[in-house]
Amino acid sequence: MDLSDSPQEAAFRAELRAWLEANPPGQEPAGDEDAHYAWRRDWQRRLAEGGWAAVHWPPEHGGRGATLTQSAIFYEELGRSGAPLPANVLGLLLAGPTIMTWGTPEQRDRHLAPILTAEEIWCQGFSEPDAGSDLAALKTRAVKEGDAWVITGQKVWTSGAQYSKWCMLVARTDPDAPKKHQGLTYFLMDMEQDGVEIVPLRQITGEAEFNELFIDGARVPDEHVLGGVGNGLKVALTTLMNERAGLAFFLQVRLRQLLDRLIGEARERGLLADPLVADRLGELHLRAEVLRLTAYRGLTAIETYGQPGPEGSLTKWMWSDTNQQLTQFAADLLGPDALRAGAPWAYELLRARGNSIEGGTTEILKNIVAERVLGLPRAGR
Ligand SMILES: Cc1cc2nc3c(=O)[nH]c(=O)nc-3n(C[C@H](O)[C@H](O)[C@H](O)COP(=O)(O)OP(=O)(O)OC[C@H]3O[C@@H](n4cnc5c(N)ncnc54)[C@H](O)[C@@H]3O)c2cc1C
């Protein structure tokens, strides 16, 4: 594929770069998680005002109808400028596109605008204590009562639930369905009700980015079923496909930023002359470039076939592996300075541990690559 910008893409890049220069996100608040989140929420509101919050959304929903390449340019430029991801990332990348695909006109009218402006934050209630990689094993129940559904069960690892007004929730509506992936339904659940309890889970980094959700008799009216009763797994797959395709570009740009920061710190300490250090940094550079080009290859597949190819799994696997290697090497190279409590590299090192679990574990991604890319026999289940 041709990796240079077309005239339209170059114009898009120039307009965005100028806007980002004129509208910097402001000083990143240190320490306090809530203050940090409020900063990203305000940043998203400003992006929305400038028409940049969701470039890939169609213009009738407040986007720019950007092509996939322009979306990739958006993330590249956002990363290059050092700006953060918008606060409502799950709303913009997952809930919005899923509602556009499966929602009724009323659901689109009700939900899309407040997602864009970060007025209403969304979380993803898929994983449960006994259902992560195997989503179809979920046990949360939804029982019909009049014109509403009553939900009971537990979700876990629900990122950002503490800030969320809405949850993309998958629950079992037909426990007697012959196969476990049948009988699931996708709900848009209002988090602000008595039946929903949010319990923070503190991570190794010290922050409580995700939560347990205890749901006891929460009510979801019929009009908040998305994509039809019993169709939950199909709707959830739309969400998951958007998750991998949307994040791939931002992640590789973020990796590049971290690597450049590490090279800069190694240079300041006069470590670049050490051939062992140069060798390791060279290898990480090579991996970052392979990741970038593989992400572009994935883009070509989406543009050609209309849906993400298995390259998405490869990109996610390579990114998590490389990010873990990079942050470990930073700790090896910079020594105790990198590991002081509160030091940015300490945070990156600890946060990277979750990379090989979130958004699909490395083992599951390897299975996908083995079976769907290499055509190897299916693993014993
Ligand atoms: C930082 C972070 C944020 C997250 N945010 C969210 C969120 O917002 N919403 C949400 O719903 N979930 C979220 N998750 C949950 C994440 O999606 C799950 O952790 C993930 O799907 C794995 O599920 P599990 O933890 O239940 O592990 P399991 O599926 O139980 O897997 C346990 C181990 O067994 C391996 N394994 C499982 N099945 C197979 C197989 N068939 N072949 C080979 N190995 C296998 C896995 O690779 C893993 O090593 C988040 C996780 C993290 C780390």
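**Cavities, a pocket and the ligand shell**

The second largest cavity holds about 30 Å³ of space. Please keep in mind throughout that this is a predicted model. Around this cavity you will find Trp52, Ala53, Ala54, Val55, His56, Ser71, Phe74 and Tyr75. Sorted by class, that lining has 6 nonpolar and 2 polar residues, and no charged ones.

How many cavities of 30 Å³ or more does the structure hold? There are 2 of them, so let us turn to the largest cavity, with about 50 Å³ of space, because a cavity here is a set of points where a 1.4 Å probe fits but cannot get out. The lining of the largest cavity is made by Ala53, Ala54, His56, Phe74, Tyr75, Leu85, Pro86, Val89, Leu92 and Leu93. Two helices, α3 and α4 (89-102), each supply at least two residues to the lining of the largest cavity. Of these, α4 makes the largest share of that lining, with 3 residues. By class, 9 of the lining residues are nonpolar and 1 is polar, while none is charged.

Helix α3 also leads us to an open space. The second largest pocket contains about 270 Å³. It is lined by 14 residues, and those closest to its centre are Glu76, Arg80, Val253, Arg256 and Arg292. The elements giving two or more residues to this lining are α3 (68-80), α6 (232-268) and α7 (275-305). Of the elements, α6 contributes the most, with 5 residues. Here the classes divide into 8 charged, 3 polar and 3 nonpolar residues.

While you are at α3, have a look at Glu77. In general, side chains of opposite charge can pair when their charged atoms come close. Glutamate 77 forms a salt bridge with arginine 13, and the closest N and O atoms are 2.8 Å apart. This pair ties together distant parts of the chain, with glutamate 77 in helix α3 and arginine 13 in helix α1 (residues 7-22), 64 residues apart. The structure as a whole holds 27 salt bridges.

Now for the ligand. Around it are 17 residues, of which Gln124, Ser133, Trp157, Thr361 and Glu363 come nearest. The shell divides into 9 polar, 5 nonpolar and 3 charged residues. Helix α11 (residues 362-373) gives the most to this shell, with 3 residues.

A polar backbone atom of glutamine 124 lies 2.7 Å from a ligand nitrogen. For serine 159, an N or O atom in the side chain is 2.8 Å from a nitrogen of the ligand. Asparagine 367 places a polar side-chain atom 3.1 Å from a ligand nitrogen. Taken alone, the ligand exposes 970 Å², and 68% of that is buried by the protein.

Key: Residues are numbered from 1 along each chain as its sequence is written. This is a predicted model: local features need pLDDT of at least 70, side-chain atom pairs count only at pLDDT 80 or more; totals for chains, interfaces and linings use all residues. Side-chain values use heavy atoms; hydrogens and water are left out. On a 1 Å grid over the protein atoms alone, a cavity is a set of points where a 1.4 Å probe fits but cannot get out, and a pocket is an open set with protein on both sides within 12 Å along at least five of seven lines; lining residues have an atom within 4 Å of a point. Grid points are joined across faces, edges and corners, and a volume is the space filled by probe spheres set on the points. Helices (H or I, at least four residues) and strands (E, at least two) are DSSP runs, numbered from the N terminus. Ala, Val, Leu, Ile, Met, Phe, Trp, Tyr, Cys and Pro count as nonpolar, Asp, Glu, Lys and Arg as charged, and the others, Gly among them, as polar. A residue is near a molecule or strand if one of its heavy atoms lies within 4 Å of it. A polar contact is a pair of N or O atoms within 3.5 Å; within protein, one must be able to donate a hydrogen and the other to accept it, and residues adjacent in sequence count only if both atoms are side-chain atoms. Accessible areas come from the Shrake-Rupley method with a 1.4 Å probe; for residues, only the protein chains shown count as cover. A salt bridge is a side-chain nitrogen of Lys or Arg within 4 Å of a carboxyl oxygen of Asp or Glu.
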